[in-house]
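Student: Could you take me through this model with care, giving the cut-offs behind each term as we go?

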Amino acid sequence: MILILLGPPGAGKGTQAKLLSTELGIPHISTGDMFRDHKARGTEIGKQVQAIMDAGGLVTDDITNAMVKERLSRPDVAPGFILDGYPRTVVQAEYLDGLLRSLGRSIDRALSYEVAEELVVERISGRRSCPRCGAVYHVSANPPKRAGYCDRDDAELVQREDDKPENVRKRMQEYGTKTEPLKRYYRDRGELAEVEGVGTPEGILAATKKVLGR
Ligand SMILES: [Zn+2]
């Protein structure tokens with residue numbers, strides 16, 4: 001089974017990808033992991049990505065596509081795989097379709113996790129992290145024993161700039177603008193399935209399996 005996962009930041013897409021990977025016995029392929037892997041191995045792609053990031057630029061479609069192509073040439077993807085964070089654009093989606101066609105394969109489903117903006121704002125803006133040890137908390141879902149302070153080392157917790165409500169809203173809007181054409185692309189091909197990204201990870205997994213008919 002070949003799945004593509006779409007969803008705004010904070011929709012729990014990464015968690016679902018891991019759960020589905022275990023459930024279906026197929027690898028979870030995320031762009032973040034691929035970048036880190038290439039950097040760690042010091043490959044040509046890894047060096048290019050590092051140079052772009054050092055310069056504060058965006059990794060191009062060509063580099064990302066090349067990385068995906070290499071990843072999909074490995075034997076562990078034979079039973080299927082889950083793509084998380086790719087494709088991000090219609091250009092990438094078209095590339096992926098061509099690549100899969102050349103391998104005699106095709107996508108089963110593009111799963112789009114839907115979640116209301118206010119809920120995402122609440123989830124993300126509640127995050128607090130420890131500047132000393134990196135521990136992550138949530139003011140309501142996973143609070144520290146003493147409000148505002150790390151359980152491990154008592155350091156004062158901070159909110160990342162990215163996690164502030166106004167910035168979360170901005171990211172959600174950017175996400176919507178960028179992803180709408182991608183959703184249309186998969187909808188037109190009858191491959192899009194929308195899943196309510198609300199509730200516990202187990203509940204969302206159950207909803208996903210239902211959509212997949214499993
Ligand atoms: Zn700490």
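Tutor: Two strands pair if DSSP finds at least two bridges between them, and strands (E, at least two residues) and helices (H or I, at least four residues) are DSSP runs numbered from the N terminus. The model is predicted, so local features need pLDDT of at least 70 and side-chain atom pairs count only at pLDDT 80 or more, while totals for chains, interfaces and linings use all residues. Residues are numbered from 1 along each chain as its sequence is written, and side-chain values use heavy atoms, with hydrogens and water left out.

Student: Which residue of strand 3 is the bridge partner of Ile-29?

Tutor: Strand 2 and strand 3 run parallel and are joined by three bridges. In one of these pairings, Ile-29 has as its partner in strand 3 the residue Leu-83.

Student: In what order do the five strands of the open sheet lie?

Tutor: The pairing in this open sheet is parallel. Strand 2 (28-30) and strand 7 (192-196) stand at the edges, each with a single partner strand, so one side of each has no neighbour in the sheet. The order of the five strands is 2-3-1-4-7.

Student: Is Cys-150, a donor to the zinc ion, buried or exposed?

Tutor: Donors are N, O and S atoms within 2.8 Å of the metal (3.2 Å for Na, K and Ca), and sites may look incomplete because water is not among the atoms. Buried means under 20% relative accessible area, exposed over 50% and partly exposed in between (1.4 Å probe, protein chains only). Asp-153, at 21% relative accessibility, therefore counts as partly exposed, whereas Cys-150, at 2%, counts as buried.

Student: What spacing do the donors of the zinc ion follow along the chain?

Tutor: Along the chain, the donors follow the spacing C-x2-C-x16-C-x2-D.

Student: Which way do Phe-81 and Leu-83 point from strand 3, and where do Ile-82 and Asp-84 point?

Tutor: In a regular strand the side chains alternate between the two faces of the sheet. Phe-81, Leu-83, Ile-82 and Asp-84 are all buried. Phe-81 and Leu-83 point one way from strand 3, and Ile-82 and Asp-84 point the other way.
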